[in-house]
Every structure is written in structure tokens, then in C-alpha cells.
Amino acid sequence: MVKKRNILHGMGIFDFRDPSKRKKKSDTVTIECNAKEILLNNTLISFPTNYTVLKGILGEASRIEPIKQTKNNVYLWDELGIYCSTPDPEKMLMLLLVEDNRYGLGHQPLANFTGDVTIDGKPMQETIQNVDTERPYMIRSIIKEKKQVAIALGWNPGV
């Protein structure tokens, strides 16, 4: 009597989806700023940027919503606490990192930003005063009721 064995030849797990459409599994966002550049999750980024670049780094936006009575859309990464408002997805000037979405800053991501932002290798709170107008980007702390509620990061029109 001959025993039959089931053998699977050449079988493997393959993901044939378009890599640009896959959602990135990023639990946290790291932003490293120095005098010449910004790294977003270890990827060089400059402003203005575009949606394709951001999608490649952060994954697909959770929502894209129109702003009433304007030509702008808001791109929201709900789980990351990030949004961007722009009339043109090819020319995104700024990201807003929302640390407290209870403050009325317009459209709100569902979660707060909990990532890390460093400037010149140190926490932003220690070094933001060192950021001058000569850098190829701007970064601002948005304060409401004496509390930082968001961080604006984007294009420096003066450079």
C-alpha cells in the first residue's frame, strides 16, 4: 500500500495589492527637524509637499472632507491626530499636529497627536525658540488657554 502525501509546491503568502494603496502601520509619528531639513518617520520631506508623498509616509488619509464655502479639502489622519487643509493636493503647505482636539481648531482628527517632535535632536519644548526665519520650514506651537493644543509644521514663505 502506498501512502499519499499532500505536498504544496511553490505556495507562499503574497500580497498583490498596489503598495502605494496599502495603509502604513504606524503607531506613532516621529518628526525630526534640524537646520536644513525635516524627517517625517525617517523620510525626508519638504514643504510644499503633496498628498502622494504624505500617503507614502503616513498611509491613506482616514477622511477627506470639503470645507464649506471654500475650495479647500481637509485631509485627516484620524488615528495619528494629523490634518492638512488645502485647495490643491499637489501643493500642501502645512500639517497640523493636533494635541488636544477639544479646542475648536476646525475639522478635528478623532485622536490626539501623540508622536515625537524634536528640533536639533532635543524635544521641541526645549528648542523651539532656536527656530529662526532662515530655516527651510516653519514650526509653531499653537497655544490656547496657556496650553499647547497643536503644532503647525510647514512651508516657510520667507525662504
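What percentage of the 159 residues in the chain is buried? Buried residues make up 36% of them, where buried means under 20% relative accessible area, exposed means over 50%, and partly exposed lies in between, with a 1.4 Å probe and protein chains only.

Let me state the basis of what follows. This is a predicted model, in which local features need pLDDT of at least 70 and side-chain atom pairs count only at pLDDT 80 or more, while totals for chains, interfaces and linings use all residues. Residues are numbered from 1 along each chain as its sequence is written, and side-chain values use heavy atoms, with hydrogens and water left out.

On confidence, pLDDT is the predictor's confidence in each residue, from 0 to 100. The chain has a mean pLDDT of 85, and 81% of its residues reach 70 or more. Residues 5–12 have a pLDDT below 50, and this stretch has zero contacts in the model beyond near neighbours in sequence. A contact here means heavy atoms within 4.5 Å. Of the contacts between residues at least 6 apart in sequence, 47% join residues at least 24 apart.

The accessible surface comes to about 10,500 Å², and carbon and sulfur atoms account for 53% of that surface. Such areas come from the Shrake-Rupley method with a 1.4 Å probe; for residues, only the protein chains shown count as cover.

I turn to the secondary structure. The chain has two helices and 11 strands, taken as DSSP runs numbered from the N terminus: helices are H or I with at least four residues, and strands are E with at least two. Their order from the N terminus is β-β-β-α-β-β-β-β-β-β-α-β-β.

Strands of a sheet pair through backbone hydrogen bonds, either parallel or antiparallel. For this model, two strands pair if DSSP finds at least two bridges between them.

Ile31 has Val117 as its bridge partner in S8.

The other sheet I shall describe is open, with six strands in the order S4-S5-S6-S7-S11-S10 and antiparallel pairing. Strand S4 (63–66) and S10 form its edges, and since each has a single partner strand, one side of each lacks a neighbour in the sheet. From one strand to the next, the twist averages 20 degrees. S5 pairs with strand S6 (residues 82–86) in the antiparallel sense over five bridges, and Leu76 stands opposite Tyr83 in S6.

How does helix H1 sit against these strands?

Tyr51 and Tyr75 form a tilted pair, 5.1 Å centre to centre with 40 degrees between the planes. This pair links Tyr51 in helix H1 with Tyr75 in strand S5 (residues 73–77), 24 residues apart. Both Tyr51 and Tyr75 are buried. Tyr51 and Trp77 form a tilted pair as well, at 6.2 Å centre to centre and 40 degrees between the planes. Tyr51 lies in helix H1 and Trp77 in strand S5, so this pair ties together parts that are 26 residues apart in sequence. Trp77 is buried, as is Tyr51. Together, Tyr51, Tyr75 and Trp77 form one aromatic cluster.

Finally, some points of backbone geometry. The peptide bond from Phe47 to Pro48 is cis, with omega near -5 degrees. Pro48 belongs to the loop between strand S3 (43–45) and helix H1 (51–58).

Which loop holds Glu145? Glu145 lies between strand S10 (137–144) and strand S11 (147–155). Its phi is near 50 degrees, a positive value in a residue other than glycine, and Glu145 is exposed, with a relative accessible area of 69%. Lys146, in the loop between S10 and S11, has a positive phi of about 60 degrees although it is not a glycine. Lys146 is exposed, at 85% relative accessibility.

How values were computed: Rings of Phe, Tyr and Trp (its six-membered ring) pair if their centres lie within 6.5 Å; planes under 30 degrees apart count as stacked, over 60 as edge-to-face and the rest as tilted. Axes are lines fitted to C-alpha atoms, for helices over the stretch in contact, and angles run from 0 to 180 degrees between N-to-C directions.
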